[in-house]
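Subject: Handover of a structure and summary of findings

Dear colleague,

Please find below the structure that I am handing over to you.

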Amino acid sequence: MSELRWKAIDVAQNRTIPIIQIPEGKVTDFYGIHTFTDEAMKTLLSPDAYKKVSNAIKTGDNIEGNVADEVASAMKSWAISKGATHYTHWFQPLTGGTAEKHDAFFDISFDGHAIEKFKGSALVQQESDASSLPNGGIRETFEARGYTVWDPNSPAFISYNSSGTGTLCIPSIYFSYTGELLDAKTPLLNSTIVLDKAATSVANIFDRNVEKVTATCGIEQEYFLVDKALYHSRPDLIMCGRSVFGHSPAKGQQLEDHYFGSIPPRINAFMVDFEIEALKIGIPVRTRHNEVAPGQFEVAPTFEEINLACDHNILLMDVMKKTAQKHNFEVMFHEKPFAGINGSGKHNNWSIKTDTGVNLLGPSTKPKESLRFVTFLVNIVKAVHDHADMLRATVATAGNEHRLGANEAPPAIISVFLGTAMTKVLEDIENKEIIEIEKGENAYIKLGLNRIPSVLLDNTDRNRTSPFAFTGNKFEFRAVGSSANSATPMMVLNTIVAKQLESFRKEYDLEREKDPSKKEGIILKILKRYIKESKNILFEGNGYSKEWEDEAAKRGLSNIKDVPKALEAYISDQTVELFESMKVLNKRELHARYEIRLENYIKKIQIESRVIGDLAQNHVVSTAIKYQTRLVQTAKSLIDMEMKEEAEPILNIIREISKHVNVISKNVKDMTEARKKANNCEDITEKANIYSNEVRLFFDVIRKSVDKLELIIDDEDWPLTKYRELLYIR
Ligand code: ADP
Ligand code: MG
């Protein structure tokens, strides 16, 4: 086994950087060339068909058969001209990833001729026998049919394989024969509809011209890069996506010399390459930099409409994975691939904007508009306060569990950071007598609403420890795991905000009926109450600190650290009521999601536990014993030569090794028993709890002894590629 390690190191140290095909011209010349953009549609469709499709996209109405045929025909010619041979509906089942089933354009006509075929009906809808995709008990196996339906809001694109042929990918939604939603995208789309309605009705209080409000999202993606040969020398990386063992290297991230440092050439080549591929399919990547941990990096695009942003993020992950192969890297999206150094997250920057071009979370220089801004801000704080547990549940996964609550990432406690300036504004609204002020700008001035934009501009206080932070003109949900599909947390955020804005508008209307003259006073009165009700979720301090945990407990905020417990929010009465009343998901669909996520958690912990057992026993203990045998022989010879004293240090090492071998063997055995107990359990919740509370507890104990052995045993013999090699050879 150690042979594999040394071979891998040798290969990794002798890599050459592949030559990258840089497209000619400016980025704007090749941006989106592999995407069936609105522009492409405009050029290739008849004006009438183009108008109908555009309208359908705006209104969400169905696209008529003949129009679909025309679009399909145009898409086919466009795709074939760019080297595509196949097409697929590209959708997001509840596995967390994406799914595709490729069909060839090529077909044989009824009279035996070879033709290229792609009909409107195939564009719009496809049946998929996907009984192996997770459905949380919704689809009985005898009714394994599901449907995928084209989502014209997200443009089709061509995905190329290494041989250079392409597949036309058609972003689609996915649901069961009986109509239940089986994907991440459809609920997100539903949530954008309810958010639009509720936010528009509130925006109309301030401006009647607003007809539509859209959520915008920009997703910062963190990742690790490890040389492919080194990665493949570690069975745990292959099977679990993270290292289950590995002693911290002497140099970790303590010097803080990696963050924003100059990007190593081999990494830079990879970045340039995947960015080109991403830009070609219309993903507007903009930022790249080193992250805090060695081997860790970040990419961020310009924000887009939320459905598109979420599609683009998972697509980008896919592009990165494929491009990494060309560069002999493995890109790791696991939330915590290496113990002792920072894990990876996915910061979801979120805002809402009107069709009149206003960012509703962007403070304005006009005091009147500042009231609108504060109204939206306070409603969002209230929404997060009222539904913190559900937000927490959306980020609860086996991988993210290592990160949340550890001393490096937003804690498992959901809190909101606003910054000094906005905290002060909210305090003023809460405490000052404002209700009596009826007209004029006096009220705003008294509340400091006239000063918001300037204070925010100067206000550079950023708080990286907050899971949900206001960053000047948007909120940033930072608790999302790096491997997650953002569609789910963003769907929940949209829905809870929509629900809250709906209540606000109702309250406002009721008050207005009573007294139509005091618009501003009414708004402020309601906001005052909201602030009182939700201010215990506001926190400006260090979210990583122990003090905050204690303080949060005093405030009564939840701090749910384990996944099975956190997931329960999916099926609480409050959640079911919320999602059913907003028509985003129904009870059955929520229960299905709960089960799928529990199931996923169980499987991940089960796999990790098996890998830990196998590596500990068959790689580490066996190596330790071999090394120990050598030591025993040496000690024996010394003693034979009457050099007892000289033999003593060696005997100590022998004892030390025995101690760790015993700990490992005993705990691996007990862990296997715990796993048996869990696996015999019929009830899925209980099973998950056993995995979380019993099986998982052995991981750290075993690891501790393995990592100690790593320090004792001859480096030549150690079978597992070490952290310093995984993180620093590139
Ligand atoms: P930071 O200060 O957090 O580094 P950036 O300006 O780099 O902020 O933005 C981080 C991400 O937030 C980017 O993807 C950016 O496009 C996105 N972003 C900026 N404005 C908005 C907005 N109004 N809505 C959603 N995302 C936004
Ligand atoms: Mg940021």
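The notes below go from the whole chain to its domains, then to the ligand site and one hairpin.

Please bear in mind throughout that this is a predicted model.

Overall architecture

The chain contains 26 helices and 18 strands. Its radius of gyration is 28 Å, close to the 27 Å that the globule rule gives for 730 residues, so the chain is as compact as a globular protein of that length. Along the principal axes, the C-alpha atoms occupy a box of roughly 105 × 80 × 55 Å. Of the 730 residues, 49% are buried. Among contacts with a separation of 6 or more, 75% are between residues 24 or more positions apart.

Domains

The domain assignment divides the chain into domain 1, residues 31-183, and domain 2, residues 192-599. The C-alpha centres of these two domains are 31 Å apart. Domain 1 contributes 22 residues to the contact, and domain 2 contributes 20 residues. On the side of domain 1 that touches domain 2, the residues comprise twelve polar, nine nonpolar and one charged.

The surroundings of ligand 1

Ligand 1 is surrounded by 16 residues, of which Thr216, Gly218, Phe303, Asn349 and Ser351 are the closest. By class, this shell consists of nine polar, five nonpolar and two charged residues. Three strands each provide at least two residues of the shell: S10 (213-227), S12 (296-301) and S15 (346-354). The greatest contribution comes from S10, with four residues.

The hairpin of S8 and S9

Strand S8, residues 157-160, and strand S9, residues 166-176, run antiparallel and are joined by four bridges. Within this pairing, Ile158 has Leu168 in S9 as its bridge partner. Five residues lie between the two strands of the hairpin, and Gly164 adopts a positive phi near 95°.

The hairpin of S8 and S9 may then be viewed at Gly164, where phi is positive.

With kind regards

Methods
Residues numbered from 1 in each chain as written. Chains lettered and ligands numbered in written order. Predicted model: local features only at pLDDT ≥ 70, side-chain atom pairs only at ≥ 80, totals over all residues. Pairing = 2+ DSSP bridges. Rg over C-alpha atoms; globule rule 2.2 N^0.38 Å. Buried ≥ 20, exposed ≤ 12 C-beta atoms within 10 Å, placed from the backbone. Contact = placed C-beta atoms within 7 Å. Near = placed C-beta within 6 Å. Nonpolar A, V, L, I, M, F, W, Y, C, P; charged D, E, K, R; others polar. Domains from an automatic or database assignment.
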